[in-house]
Amino acid sequence: MGEGPLAGVRVLDLSDELGRFAGKLLAESGADVVRLRPGEAGPAMADVPGGLLDWWYDGGTTAAPLDLDTAAGREAFVGLVAVADILLEGEPPGRLESLGLGPDALAERNPALVHVSLTPFGASGPRAAWQASDLVATAAGGILSVNGFPDEPVAIWGRQMGNAGGFYAAICALAGLARVRAGGPGLHADLSLQQVVASCSEHLLMFWWFPEVLAGLGAPVAARQGSLHWVKAYEVVECARGWCMVSPSAGGVPELIAWMQEHGLLTDLPADTPGDLALIPRLMEALHEFALGSDATELFEGGQARHVPFGEVLTVPQVAECPQHLHRGFFRPVAGAPPEVRLPGPLARFAGTPCPPPAPPPAAPVAASEVLERWGSAARPAAGGPGATGPGGPGRPGRPLEGLRVIDFTHVLAGPFATRALADLGADVVKVQTEVRAAGAHANDFPYFPMWNRSKRSLCLDMSRPGAADVLRRLVEQADVVIENFSAGVLDRWGAGWDQLSAWNSRLIYVAMQGAGTDGPWRNYVTFAPTVHALCGLTALTGPEGRLDCGTGVALNDHASGLAGAFAVLAAVEARRHSGVGQFIDLSQLEVGSYLVGPALLDWLANGREAVAAGTRDAFSDPVPNDVVRTGDDRWLAVTARDDAEWSSLAGVLGVAEPGLGTVQQRRARRPEVGRLLTAWAASQGAEEAAMALQEVGVPAYPVQDAAHLTSQDPQLAQRDWIVEMESPIWGSQQTDRFPAVLRDGSGPIELAYVHSPYLGEHTFEVAGELLGLEEAEVAERIGEGLFS
C-alpha cells in the first residue's frame, strides 16, 4: 500500500476536462488513479516532456487509455470496473447506456462500485445533452452575472467551475466509499456542473430569497460591480505603488481610523470609534484617498498589524515569493524533474497520513491488463474494520454519511459550507454556538446563516464558563470529527486544541481551517475571501486585460475551502478505516486559493511564463471565440467554439463565409474580427433563442443567468427540481438549493433530507439529553447559569 490518506483506493478516471480536477485530488491524496482517456496537454513545458496540464492534473496517475467504441476496449473497461472502488466519468448522458455500460449494468458487475458522473447539466432534463465550456458553465450557473464590470462580464481565471465540479465529484466518491466500507451498497451520483456553479454563487441566491432584509445592498438581483463586495465594505484600491484590497471590518477598525487620522483623514471622528455599518461608505472613501499616498505592501502590512483584513493584490511572480508559502514549503519539488519544476500543494496537510511527494505525469501509457494484474494482486478491504464510522450501517441503503457525527465550531462561509456538504450527505452536524458570537452577520436570523447551515443542530455552549470543558469532552467522546475556522490558537486557549481533544478520543478527526494555516509569519493575519483572493493571485488574474482592480464577484475561495474541508474529512475517514485512529488536518485557506491558480504558479516557476488577466479568454487553450456578447433582448450570451469543427458549426449559424478563419490560429490572429461577427449576430437574437440555435449544432452557449432566471425560468433546473422549500421558525418559508448530485443505488433514489437552518440553541435540550444524558430540568438550570448560552 502506498502513502496518503487514500492509499489503496482504486479509481478509474474517464473524466473530460470539466471533471479532471477530481482525479487530481484523489491521486494527490494517495489513491491509485488510472486515467482511461488522454487529457488536454496544455502549453508545452520548457525542460520536461509533456504539457502544463499534464503536470498539474496527472501527476502520480497511471495512463491506460481505452477505446469504448471497440469490443476489446469495452471488455477491458468492464474488467477494470469489476475490481475498482470508484469510477469518475464525464461521458455524454446516455452514451454509456448505449454501449451496455450504464450505471445499472456496471453495478451488476461490481455492486460496491461508487460511480460518479459529472456532466455539464446532469443526466436528465431537457438540456442534458447541451454542451458547456468553463465559461458557458459560469453563465449557466449564474456566477457570470456578478463577475466583472456592469458592461463587461469576465471569466474567473483558470477554469474554476471545473475545479468546483471536481471538488464535488471527489466528495461524492469518498462519501459513497464510506458507505461501502461500512457494509452498504455502492451508488451512482449524477452531478450537474450547472448546479455546482449555482451552489457556489455566494450572495446571488441570498439576495433573491431575502430581498426585504438585503434591499439596501441591491437585492433582489445581484449585480456586477468589479471588486466591490456585495456588503460594500471590501474593494481593491489603487496605491502609490500597486493595488490593495482594503476593508474597514473585523476587530481593528478603531486602530485603522487612528492610523488614517495620523495622516490627516477622518479627524472629526473620536479616536475610539468602533466599526459601524453606517460609517462604511465614509470609511471606504477615506481608504481610497489614504491608499493613493501609500505603498501597497506597506498598506497591506500596516492594515494586518491593526487587525483589519487588507490584502495586497499580488501577481503570480509575487505569489511565488510569498513568505507564508515559502515558510510552509508550499512549492514542492517533483522527483526526477529539474529543481525549478515545483508543484503547489498539497491541498490539505494530513498529520497522520501525509500526502505522497508530487510525482510526474505518466511517461507512457500501460495496457489495461497491467492495471488488472496490479489490482488483482492486492487484497480487497473488508467492510467495517478498525475505525470504521458506520455511515449507512451494514447493508442499509441510507444516506452515505449516516452515523458520522461532526462537532462544528465554524462560522461565516468556508467552514459552514464544508459542514453543509457533510450534513446534506447524512452526517449529524452539531453546530456549537454562543449568544455573543451569533450576532450581526453571524446571527442565525441574518440571511447569510441560513444559506450555509441547513440540516444542522444548534447547541449553545459558552466555552468560557465553568463546566464547559467537561461538556465538550462528552461531546467529543461521541464524535467523529471536530472542525473549526477560528483564528490560530483559539481552541488551544480554551483547553480544547488537538492535543487535548485527541487525548479524549483517539479516533477523532480534527480539521483546522485557518486563513493562512497554523504556522508561519502570516498565521495570525485576518483574512476573508477578498483578502485571500488578493494574496493568492486570483484577483490579479481575473479581470479585463491589463487591469488588477476586478477579481471575482463571489467568495469563490470560501466555497472552495469549504469543499476542500469536506473532502479532507472524508479522506481522513478512509484513512481511519486502516489505522483505527484519527488525525489533525491543517487546511490553509490561503493555500487553497493558491492551489486554485496552481497551473499559473507552476508555469511561472518551471517555464518563466507569467499568466495575466485576459477577460474571458481561456487560460490554457485559448479557443476563439470564448466570449460573452450582448443579445438583442439586452441580455448576455456566453459562447465557446472549443475546436475548429465547432467553429465551422458556429460559422454556419452566423452565416459567416469569411475565408481565413478555419483554424484557431487564424482566428486568434483576427480575434477582434471574430468578436465583431459574433456580436453583430447576437444583437439580432434573443438570448434563449440564440443559445438554442447554437446548442442544436453542438456549440457550447448559454445566456448569462441571474437569480430570477435560475429560480424560475431555467427549464433544466426546474426539471431537476433543484430548489427545496422548508418551513422555518425564523423565516416562515425558507428556500435552498439541493445538493448538486442526484444519488441512487439498486434500490432506487437515495433521498437527501433538507431541514431548515436552526435558530440559536434550537437543539440544546435535544443534544444535551441525547449526548450528555441530562434531564430537561438540568439543561434549563445550566442555561440559567450561562453554560448553555
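This is a short talk on a few local features of one predicted model.

Some ground rules. The model is predicted, so local features need pLDDT of at least 70, side-chain atom pairs count only at pLDDT 80 or more, and totals for chains, interfaces and linings use all residues. Residues are numbered from 1 along each chain as its sequence is written, and side-chain values use heavy atoms, with hydrogens and water left out.

Let's start with Arg 454. Where does Arg 454 lie? Look in the loop between helix H18 (448–452) and strand S17 (457–460). Helices (H or I, at least four residues) and strands (E, at least two) are DSSP runs, numbered from the N terminus. Is Arg 454 buried or exposed? Arg 454 counts as buried, because its relative accessibility is 0%. Buried means under 20% relative accessible area, exposed means over 50%, and partly exposed is in between, with a 1.4 Å probe and protein chains only.

What does this side chain reach? A polar contact of 2.5 Å links it to the side chain of Thr 736. The side chain of Arg 454 also reaches the backbone oxygen of Asp 737, at 2.5 Å. A polar contact is a pair of N or O atoms within 3.5 Å; within protein, one must be able to donate a hydrogen and the other to accept it, and residues adjacent in sequence count only if both atoms are side-chain atoms. Leaving out residues up to four places away in sequence, Arg 454 touches several others, among them Arg 420, Asp 424, Phe 739 and Tyr 754. Contact here means heavy atoms within 4.5 Å.

Next, a sheet. Strands of a sheet pair through backbone hydrogen bonds, either parallel or antiparallel. S21 pairs with strand S22 (residues 636–640) over 5 bridges; two strands pair if DSSP finds at least two bridges between them.

Now the backbone. Most residues other than glycine have a negative phi, and most peptide bonds are trans. Here are some other cases. The bond from Ala 219 to Pro 220 is cis, with omega near 15 degrees. Pro 220 sits in the loop between helix H10 (211–214) and strand S9 (235–238). Lys 232 is in the loop between H10 and S9 too. Its phi is positive, near 65 degrees. Lys 232 is partly exposed, because its relative accessible area is 28%.

Gly 345 to Pro 346 is also a cis peptide bond, with omega near 0 degrees. Pro 346 lies in the loop between strand S13 (342–344) and strand S14 (349–350).

Last one: Asp 721. Phi of Asp 721 is near 50 degrees, a positive value. Find Asp 721 in the loop between helix H32 (715–719) and strand S24 (723–728). At 41% relative accessibility, Asp 721 counts as partly exposed.
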